[in-house]
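Hi,

Here is the structure I promised to pass on. Please load it first; my notes on the ligands and the space around them follow.

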Amino acid sequence: MKKIVLTGIKPTGEPHIGNYFGAIKPAIDLSKNSDVKGFFFIADYHALNFIKDAKLLKELTRKIACTWLACGLDPKKVVFYRQSAVSEVTELSWILNNVTSKGLMNRAHAYKASVDKATNEGKDEDFYVNMGLFNYPILMAADILLYNAKFVPVGLDQKQHIEMARDIAKSFNKTYGSTLVVPSELISESVATIPGIDGQKMSKSYNNTIPLFCDETQLKKLISSIKTDSTSPSEPKSLDSAIFNLYRLFASQEQIETMARRFHSGIGWAEAKQELFEVVNAYLRPMREKYNYYMEHYDEVEKILDAGSKKARKIARETISRVREAVGLE
Ligand code: ADP
Ligand code: TRP
């Protein structure tokens, strides 16, 4: 039996370097092992909570699909699909609602952040909360449990959601007998949180991202705008800086060691940024070319996604049938 590794990205903005190192790359790397079966998808149902414009949702879905392929996903090896193409996930989500306590959902970070925001603004605590946001972790649990996933590669910010999926699976199994596979998160410690250009976590929500496939001019501009401290060029620089942390991700071991020595002996930030741009651009250029190709030949991508959805649906139906029988719907 192959280990099932599954992850999804929601189409809510331009894919960025944080998404790549936090989720996309670890997932694709794992899927190359012969004992692993990968399930990778575009979480478009989840995006409905953020994107209320049909044209924009389609455009962003297209970008995430092309991103997966440009980053090296092999559709012959993995199951690659759109979440909403397998609507069985909504049925499982509904069934899971009934074994999930409201208290568990009350503890979700995203929900709590919305409540805090409203409270700080003197508004009713649920002012920013719709049921899609409140139930977000249950749909995510359904994504994972529907395909019997054992491992879920994600960035650190998603850890709580996977823990909730685990709690929900256990609660279901306790009520109805062992039916669902209990999943675990896979967080690669060295890339747990990629910094953005302001030094805090890179995120679409913070407007501090370096998009994976922006053109060279924009890439250079973004890299030169990365926030640095005021140490002068001759002073030693901290390795715990956004510049070095990003450099580490793109450079070879030898380049990293040389750069670490230069940081210790003193390097101007402008020079360090130029070096960073060089390694990032060299790394991303071939991927950018593939991305542009798929964006221009999207009919090929749609065919790949349709074939993937068919494979996904087959597994989904098996799980749903097992679940329906366990709860007494069949
Ligand atoms: P964003 O925060 O930009 O909205 P998403 O929530 O769409 O990103 O994240 C998609 C995937 O990328 C998740 O697995 C998430 O953990 C990962 N990820 C996002 N930002 C980062 C980051 N700065 N560092 C590491 N992983 C990240
Ligand atoms: N919630 C994830 C995010 O915001 C996206 C996602 C949806 C996901 N379903 C998933 C990730 C299932 C892993 C597994 O990034």
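**Pocket, cavity and ligands**

The lining of the largest pocket divides into 22 nonpolar, 19 polar and 7 charged residues. The classes are simple: Ala, Val, Leu, Ile, Met, Phe, Trp, Tyr, Cys and Pro are nonpolar, Asp, Glu, Lys and Arg are charged, and the others, Gly among them, are polar.

Ground rules next. This is a predicted model, where local features need pLDDT of at least 70 and side-chain atom pairs count only at pLDDT 80 or more, while totals for chains, interfaces and linings use all residues. Residues are numbered from 1 along each chain as its sequence is written, chains are lettered from A and ligands numbered from 1 in the order in which they are written, and side-chain values use heavy atoms, with hydrogens and water left out.

**The largest pocket**

Its volume is about 1400 Å³. Lining residues number 48, and Lys10, Tyr136, Asp157, Gln158 and Lys201 are the closest to the centre of the pocket. On a 1 Å grid over the protein atoms alone, a pocket is an open set of points with protein on both sides within 12 Å along at least five of seven lines; a cavity is a set where a 1.4 Å probe fits but cannot get out; lining residues have an atom within 4 Å of a point. Points are joined across faces, edges and corners, and a volume is the space filled by probe spheres set on them.

At least two lining residues come from each of β1 (3-9), α1, α6 (109-120), α8 (136-146) and α9 (159-176). The largest share, 5 residues, is from α6. Helices (H or I, at least four residues) and strands (E, at least two) are DSSP runs, numbered from the N terminus.

**Ligand 1**

The space taken by ligand 1 is the largest pocket. To sit in a pocket or cavity, a molecule needs more than half of its atoms within 2 Å of the grid points. Ligand 1 is surrounded by 19 residues, the closest being His16, Gly155, Asp157, Ile194 and Lys204. A residue counts as near if one of its heavy atoms lies within 4 Å. The shell has 7 nonpolar, 8 polar and 4 charged residues. Helix α1 (residues 17-31) gives the most to this shell, with 4 residues.

Which residues make polar contacts with ligand 1 through a side chain, and which through the backbone? A polar contact is a pair of N or O atoms within 3.5 Å; within protein, one must be able to donate a hydrogen and the other to accept it, and residues adjacent in sequence count only if both atoms are side-chain atoms.

- Asn19, side chain, 3.2 Å
- Ser203, side chain, 2.8 Å
- Lys204, backbone, 2.7 Å

The protein covers 95% of the 530 Å² of accessible area that ligand 1 has on its own. Areas come from the Shrake-Rupley method with a 1.4 Å probe; for residues, only the protein chains shown count as cover.

**Ligand 2**

Ligand 2 also sits in the largest pocket. The elements giving two or more residues to its shell are β1 and α8. The largest share, 4 residues, comes from α8. In total 14 residues surround ligand 2, and Lys10, Tyr136, Met140, Asp143 and Gln158 are the closest. By class they are 8 nonpolar, 4 polar and 2 charged.

Polar contacts of ligand 2:

- Lys10 side chain to an oxygen atom, 2.9 Å
- Tyr136 side chain to a nitrogen atom, 2.6 Å
- Gln158 side chain to a nitrogen atom, 3.0 Å

Of the 370 Å² of accessible area that ligand 2 has on its own, the protein covers 92%.

**The cavity**

The structure holds 1 cavity of 30 Å³ or more. The largest cavity has a volume of about 40 Å³. Its lining divides into 8 nonpolar residues, 1 polar and no charged. Tyr136 is one of the lining residues.

Best wishes
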